[in-house]
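Welcome! Take a moment to look over the sequence and the 3D structure before reading on.

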Amino acid sequence: TAPAAAADLTITEVRLTPILVADPPLLNTQGVHQPYTPRLIIEIETAGGVTGIGETYGDTKYLELAEPFAERLPGRRVSDLNGLFTLADQVGVDGSHIDTAVDVGGLRGVQTEDKLRLSVVSGFEVACLDALGKALGQPVHELLGGKVRDRVEYSAYLFYRWAAHPEGVTAETDDWGAAVDPAGVVEQARKFKERYGFTSFKLKGGVFPPEEEIAAVRALAEAFPGHPLRLDPNGAWSVETSLKVAAELSGVLEYLEDPTLTTEGMAQVSAHTDVLLATNMCVTTFGEIKEAFTRDAVQVVLSDHHYWGGLRNTRELAAICGAFGVGVSMHSNTHLGISLAAMTHVAATVPDLHHACDSHYPWQSEDVLTERLTFTDGGVRVSDAPGLGVELDRDRLAALHRRWLDDDGTMRSRDDEAAMRVAEPDWRTPAVPRW
Ligand code: GKR
Ligand code: MG
């Protein structure tokens, strides 16, 4: 039972701390990851003396929405989760509406201000749930109705990458080495398996011509028989190329993820292949579900609790997927341990989770937690401690915030194209489809 004093759930203070965290030179269809990437850490304090923490995207466009949102929270209760969405509708950024045509082909799908707002809400929702759980003495999964499993399985997220960021660029180093061909990808997969026990693999594609990526998947299949494999070029291919790749890898892939852009394109691919298609790009909101499902454009939706507006919306998405016989799992962008804890809590409550979730977390050498979450046998144990079950390390938070303050602005909004130009001055993110 929780101490009586913790029972006052009124929000008294909200702290937003933008940070920059180290990121390795991971390649994707847009370019390469910058050496540091922004995240936003949210702390919500209650009158009962409890602090809840949340994490979401930290690019400037998200911060601009998070600040006015945070200002309106004091006086509300951390249990008023539906109210967060009403509040989000009232918060906009003057004159900065993001056109729906912008960012098609971006790694986060089509971005509109509404979607950015949902990503912001998700960080606050998680912080509220963490605070509520701590106040009530209950883990977040219990607030979501209770876990149906004790561990959540994740897949190793393989990336083509360089051994280090370009010379002269300030960056952290790591011991993963380069992976730019099938042998490098297999070696990386081996390290993932040794270090964390992962038994399924996802390769981020859209970097090299499709034949090379097909060869890498085949090499993985040979090196790791029976291990589920996915390939995700983030929409870099035409319908025709997608069908060729699907034909080549039929029987080898667990699923093909976003081979091409748009629901229309995915529906055309889906109509002519038996390879399952997954997406975290063409179905990113409830409004996009009807067309995609009725046209059988995708067979697996990869949620991202940030895009979808939080953990409760993720469960609603899973229920809709279930009703349509569509699978559900999770993809991930660069994130820290608060988000991994949140992902694990919600994934623990989804009954029909038939595919391992993705996580970038092993690539993150830095975190803001006193204790990092760990992958054992490819999974994360579901915490039964109150709230998310993780604790903020204020010194680490301050140090990573200091890095954000010291940045001249070049890394405060993720820009993989700019990072690639440091190595290849003529680089422009290719028009889609690239192949
Ligand atoms: O960080 O380069 C990356 C990934 O490509 C990521 O941003 C994607 O959005 O992992 C994501 C995906 O599954 O598409
Ligand atoms: Mg994806």
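The notes below go from the overall fold to the core, the annotated sites and the ligand.

This is a predicted model. The chain is built from 14 helices and 14 strands. With 435 residues, a compact globule would have a radius of gyration near 22 Å, and the chain's value of 21 Å agrees with that.

**Overall fold**
- Along its principal axes, the C-alpha atoms of the chain fill a box of roughly 60 × 50 × 45 Å.
- Of the 435 residues, 52% count as buried.
- Among contacts in the chain with a separation of 6 or more, 74% are between residues 24 or more positions apart.

- In soluble globular proteins, nonpolar side chains tend to be buried together.
- Here, the largest nonpolar core holds 123 residues, and Ile44, Val298, Val301 and Ala347 touch the most other members.
- Helix H3 (residues 113-136) gives this core its largest share, twelve residues.
- Leaving out residues up to four places away in sequence, Ala347 touches Val152, Met330, Leu353 and Cys357.

**The annotated active site**
- An unreviewed UniProt entry carries the annotation "active site" for Lys204 and His331.
- These two are spread over 128 residues of sequence, yet they cluster in space, with a largest C-alpha distance of 11.3 Å.
- Lys204 sits in strand E7 (residues 201-204), and it counts as buried because it has 24 C-beta neighbours inside 10 Å.
- Not counting residues up to four places away in sequence, Lys204 touches Asn28, Leu158, Phe159, Tyr160 and Asp232.
- His331 is found in the loop between strand E12 (327-330) and helix H12 (337-349), and His331 is buried, with 24 other C-beta atoms within 10 Å.

**Around ligand 1**
- Which residues come nearest to ligand 1? Of the twelve around it, they are Asn28, Leu107, Asn280, His331 and Asn333.
- By class, this shell has two nonpolar, seven polar and three charged residues.

**An annotated domain**
- The unreviewed UniProt entry places "domain: Mandelate racemase/muconate lactonizing enzyme C-terminal" at residues 182-276.
- That span is 52% helix and 12% strand, and its end C-alpha atoms lie 23 Å apart.

**An exposed residue**
- Is Thr294, with its 10 C-beta neighbours inside 10 Å, buried or exposed? Thr294 counts as exposed, because a residue with 12 or fewer such neighbours falls in that class.
- Thr294 belongs to helix H9 (residues 289-294).
- Its C-alpha atom is separated by 49 Å from that of Thr170, 124 residues apart along the chain.

Terms used:
Residues are numbered from 1 along each chain as its sequence is written. Chains are lettered from A and ligands numbered from 1 in the order in which they are written. This is a predicted model: local features need pLDDT of at least 70, side-chain atom pairs count only at pLDDT 80 or more; totals for chains, interfaces and linings use all residues. A residue is near a molecule or strand if its C-beta atom, placed from the backbone, lies within 6 Å of it. Ala, Val, Leu, Ile, Met, Phe, Trp, Tyr, Cys and Pro count as nonpolar, Asp, Glu, Lys and Arg as charged, and the others, Gly among them, as polar. A nonpolar core is a set of buried Ala, Val, Leu, Ile, Met, Phe, Trp, Tyr and Cys residues joined through C-beta atoms within 7 Å. A residue is buried if 20 or more other C-beta atoms lie within 10 Å of its own, exposed if 12 or fewer, and partly exposed in between; C-beta atoms are placed from the backbone. Helices (H or I, at least four residues) and strands (E, at least two) are DSSP runs, numbered from the N terminus. Two residues are in contact if their C-beta atoms, placed from the backbone, lie within 7 Å. The radius of gyration is taken over C-alpha atoms; the globule rule is 2.2 Å times the number of residues to the power 0.38. UniProt positions are given in the numbering used here, feature names are shortened, and annotations may be inferred rather than shown by experiment.
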